[in-house]
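This report treats the pockets of one protein, the sheets and helices around them, and a salt bridge. The sequence and the structure follow.

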Amino acid sequence: MIKAAFFDIDGTLVSLKTKVYPPSAAAAVATLRQKGIACYVATGRSKFEIAEEGLLDGIEFDGYLTNNGQDAYDAQGNLLYGKPLAPSEAAAVLSWVEENGCACWMVSGEKSLLNISNDRVEAAMEAIHTRLPRLGDLRPMLAHPIYKIVLFLTREEMRRVMPLAPSSRMTQWFPLGHDIISADGGKKNAMEHILASRGINPSECIAFGDSENDIEMLRAAGIGVAMANGTAEAKAAADYITDNCDADGIAKALKYFGLI
């Protein structure tokens with residue numbers, strides 16, 4: 001019996017083409033909640049970014065797993081779970097960024113800053129239909145818990161950075177978009193923490209995603225659903241592949257499993 005559902009945003013709930021969610025997705029989430037199935041967002045985006053962009057306005061959820069599961073909040077915005085980066089590792093990565101002149105987007109629980117913009121940053125932000133983060137000096141950010149550092153590098157370039165953060169790991173959301181997060185964080189771990197707090201087993205949940213940062217969550221869920229517009233790796237990790245976001249994929253999958 002399914003008791004909880006988790007949804008990625010970009011390419012899953014929200015279309016990468018239209019920049020909005022289809023009405024069928026909003027109706028599906030509302031129906032699940034009416035049936036007593038808890039619904040959570042599980043996204044690489046931050047809590048304040050979701051609000052600022054108005055991405056999910058009009059849909060009510062029971063909670064939010066943000067920054068790829070590094071922090072999680074209830075519907076009222078209260079912090080339920082947090083896995084910030086080790087301060088020394090965040091500082092080491094920033095020093096490398098400064099030495100190499102790379103673009104870096106640093107995210108705390110309350111704000112985010114980008115040090116510089118370039119073609120890579122603009123391409124990545126355009127892909128997820130997000131305005132460029134505010135530009136500023138990243139050094140003062142280190143006084144706060146850092147949940148995510150985003151680098152706009154190739155996979156090979158990232159391999160030069162990661163030894164500086166041995167208790168962290170990277171996850172990819174765009175060819176030139178990589179998040180550095182704590183090794184014991186991630187969507188899967190946040191999902192399992194939330195489920196345990198409600199006395200729900202992972203086998204009693206369904207999860208939807210489309211990218212590399214969704215793979216562990218899809219595998220851990222009782223039912224993992226990948227979108228048709230997802231990556232080959234996400235599809236391989238899923239139990240079921242539904243239609244794409246624009247073609248009502250979420251609603252179709254939930255109907256297939258008899259949940260709506």
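Helices and strands are taken here as DSSP runs, a helix being H or I over at least four residues and a strand being E over at least two, with numbering from the N terminus. With elements defined in this way, helix H2 (residues 47-53) supplies four residues to the lining of the second largest pocket, which is the largest share of that lining. The model discussed throughout is a predicted one.

**Pockets**

The space in the second largest pocket amounts to about 240 Å³. The pocket is lined by 13 residues, and Phe48, Glu52, Ser112, Pro133 and Arg134 are the closest to its centre. The largest pocket holds about 480 Å³ of space, and its lining consists of 28 residues, with Ile128, Trp173, Phe174, Ser211 and Asn213 lying nearest the centre. At least two residues of this lining come from each of strand S8 (146-151) and strand S9 (168-174), and the greatest contribution, three residues, is that of S9.

Strand S9, which gives the most to the lining of the largest pocket, belongs to an open sheet of five strands in the order S7-S6-S8-S10-S9, with antiparallel pairing. Strand S7 (112-114) and S9 are the edge strands of this sheet, each pairing on one side only, and the twist from one strand to the next averages 20°. Between S9 and strand S10 (residues 177-182) the antiparallel pairing extends over six bridges, and a hairpin of two residues joins S9 to S10. Within this pair of strands, Phe174 has Gly177 in S10 as its bridge partner, while Arg169 stands opposite Ile181 in S10. Phe174 is also among the residues that lie nearest the centre of the largest pocket.

Helix H3 (residues 87-100) touches strand S6 (104-108), S8, S9 and S10, and its direction makes about 25° with that of S8. Helix H4 (residues 119-127) touches S6, S7 and S9, with its direction at about 70° to that of S9.

**The eight-stranded sheet**

A further open sheet is formed by eight strands in the order S5-S4-S3-S2-S1-S11-S12-S13, and here the pairing is mixed. Its edge strands, each pairing on one side only, are strand S5 (79-82) and strand S13 (240-242), and the twist averages 20° from one strand to the next. Strand S12 (residues 223-227) pairs with S13 in the parallel sense over three bridges, and Ala226 stands opposite Ile241 in S13.

Helix H6 (residues 187-197) lies across strand S1 (4-7), strand S2 (38-42), strand S3 (63-66), strand S4 (71-74), S5 and strand S11 (205-209), running at about 135° to S5.

Side chains of opposite charge can pair when their charged atoms come close. With a cut-off of 4 Å between a side-chain nitrogen of Lys or Arg and a carboxyl oxygen of Asp or Glu, the count comes to 16 salt bridges. One of them is formed by Glu204 with Lys3, whose closest N and O atoms are 3.2 Å apart. Because Glu204 lies in the loop between H6 and S11, whereas Lys3 lies in the segment before S1, the pair ties together parts that are 201 residues apart in sequence.

How values were computed: Residues numbered from 1 in each chain as written. Predicted model: local features only at pLDDT ≥ 70, side-chain atom pairs only at ≥ 80, totals over all residues. Heavy atoms only, no water. 1 Å grid on protein atoms, 1.4 Å probe; cavity = no way out; pocket = protein on both sides within 12 Å on 5 of 7 lines; lining within 4 Å. Points joined across faces, edges and corners; volume = space filled by probe spheres on them. Pairing = 2+ DSSP bridges. Axes fitted to C-alpha atoms, helices over the stretch in contact; angles between N-to-C directions. Contact = heavy atoms within 4.5 Å.
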